[in-house]
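Colleague: I am new to reading structures and would like a close look at one part. Could you take me through the nonpolar core and then the sheet beside it in the text?

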Amino acid sequence: VFLEEYADSIAKYNVTFTEILFPEHGMKAIEAQLKSDANNVIVFVSKNQAFITNIITQLYRHTKKYSIQVFSFLSWERYENIELNFLFDLHFHYSTSGFTNYQKNDVAAFISKYRDLYKTEPTRFSFQGYDQILYFVESMEKFGQHVLDCMPSYHKQGLHNSFIFIKETEQSGLINNAIDIIEFSEDNTLKIAQ
């Protein structure tokens, strides 16, 4: 199903890949594909916590010899049996529609102002609301009555949300198509991958 879904992108970007069905072939099949002179990108489409914990532990043993990047689901971050340092050493990536990087100065400034004003901690919804209001006010100010025609050309990274609006058809409305890829980076922080 994965290959069918992304066949066009695989062809367009000339992606070289090997599909391994783990239950049939096991870790030996993955090990046979690892290259010491290349970045090894491994995409998992499983959410089975026992399987993921096992495979991550086995892959982690190869991080000294191979450069490995793992891509999968956000839910992995919450699995209690996976060591976080394994995810950092495997350069784990996941996609999300919103992410707050608490290391950034503008996020720290927002939190400070929010605490002063509301005497409580901001939630994810606080960041989302702020980002959305700021994006739309700036868009209106910048483009005036042509805002809907111009928003597809105005991309913005907020404190939590990214904005990349597209119009799928001439008759359709605008859709925020932004997705952030979050990386467990080498400096042991989470950040939006570049």
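Modeller: Happy to! In the largest nonpolar core, which has 26 residues, the ones that touch the most other members are Phe44, Ile55, Ile56, Leu59, Ile68, Val70 and Trp76. Please keep in mind that this is a predicted model. Two or more residues of this core come from each of helix H3 (22-33), helix H4 (49-60), E2, helix H5 (84-89) and E8. H4 is the biggest giver, with 5 residues. Take Ile56 as an example: leaving aside residues up to four places away in sequence, Ile56 touches Val70, Trp76, Ile82, Phe86, Leu87 and Leu90. There is also a second, separate core of 7 residues, and Tyr135, Phe143, Tyr154 and Phe163 are among them.

Now for the sheet. Five strands form an open sheet in the order E1-E2-E3-E8-E9, and their pairing is mixed. Strand E1 (39-43) and strand E9 (190-192) stand at the edges with a single partner strand each, so one side of each has no neighbour in the sheet. From one strand to the next, the twist averages 30°.

With strand E8 (residues 180-184), E3 pairs in the antiparallel sense over 4 bridges. Here Tyr94 has Ile182 as its bridge partner in E8, while Ser95 stands opposite Ile181.

Conventions:
Residues numbered from 1 in each chain as written. Predicted model: local features only at pLDDT ≥ 70, side-chain atom pairs only at ≥ 80, totals over all residues. Heavy atoms only, no water. Pairing = 2+ DSSP bridges. Axes fitted to C-alpha atoms, helices over the stretch in contact; angles between N-to-C directions. Core = buried A, V, L, I, M, F, W, Y, C linked by side-chain atoms within 4.5 Å. Buried < 20%, exposed > 50% of the residue type's maximum accessible area, 1.4 Å probe, protein only. Contact = heavy atoms within 4.5 Å.
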